[in-house]
Amino acid sequence: MESILIVDDDLNLCQVLSDELREVGYTTEFCTNADDAITFLSDKKVDLLLLDLKMPEKDGFYVLSKLIELAYPLKTVVLTAYADVKSAIEAARMGAVDFISKPYDFDELLITIRKVLQKDS
Ligand SMILES: [Mg+2]
């Protein structure tokens, strides 16, 4: 069973998305800030990271830069505000493999997740 870590400052989104992903068979965990995410990842491995770019204080770019610094290979899909193409491009430059617009459509999100998980890293 593949595991997914959701990182988003919106607790409600974390809970809803976590439940939705569990229903289709994934193991999920979530963190609502960047520091918790880094701490979590220093301890446990996951197959995929779903990362919100916009978070107060330390944002998704901070998490991406930390992963680069730690040379931590992790398939990352970023969650961005609708049509924030500039952020998505910047995230891709920092190693994100795909992005999903918020508010997300669960079926589209699932297609993206499956596609990314199937890719060789
Ligand atoms: Mg946010």
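I began with β1 (3-7) and found that β1 and β3 run parallel and are joined by 4 bridges; helices (H or I, at least four residues) and strands (E, at least two) are DSSP runs numbered from the N terminus, and two strands count as paired if DSSP finds at least two bridges between them. Within this pair, L5 has L49 of β3 as its bridge partner. Helix α1 packs on the sheet, where α1 touches β1 and β2, and the direction of α1 makes about 170 degrees with that of β2. Here contact means C-beta atoms, placed from the backbone, within 7 Å, and angles run from 0 to 180 degrees between the N-to-C directions of axes fitted to C-alpha atoms, for helices over the stretch in contact.

I noted the limits of the source before going on. The model is predicted, with local features needing pLDDT of at least 70 and side-chain atom pairs counting only at pLDDT 80 or more, while totals for chains, interfaces and linings use all residues. Residues are numbered from 1 along each chain as its sequence is written.

Next I traced the whole sheet, which is open, has 5 strands in the order β2-β1-β3-β4-β5, and is paired in parallel. Because β2 and β5 stand at the edges with a single partner strand each, one side of each has no neighbour in the sheet. I recorded an average twist of 20 degrees from one strand to the next.

I then turned to β4 (residues 75-81), where 5 of the 7 residues are buried, so this strand is largely enclosed by the rest of the structure; buried means 20 or more other C-beta atoms within 10 Å of the residue's own, with C-beta atoms placed from the backbone. Strand β3 (residues 48-52) pairs with β4 in the parallel sense over 5 bridges, and L50 has V77 as its bridge partner in β4. On the other pairing I looked up, 5 bridges join β4 to the parallel strand β5 (residues 98-102), with S101 of β5 as the bridge partner of T80. From β4 the chain crosses through helix α4 (residues 85-93) to β5 in a right-handed β-α-β crossover, meaning that the path over the helix runs clockwise with the strands pointing away from the viewer.

Which residues have the most contacts inside the largest nonpolar core? I found V7, L50 and V78, in a core of 31 residues, defined as buried Ala, Val, Leu, Ile, Met, Phe, Trp, Tyr and Cys residues joined through C-beta atoms within 7 Å.

Technical notes
A residue is buried if 20 or more other C-beta atoms lie within 10 Å of its own, exposed if 12 or fewer, and partly exposed in between; C-beta atoms are placed from the backbone. Two residues are in contact if their C-beta atoms, placed from the backbone, lie within 7 Å.
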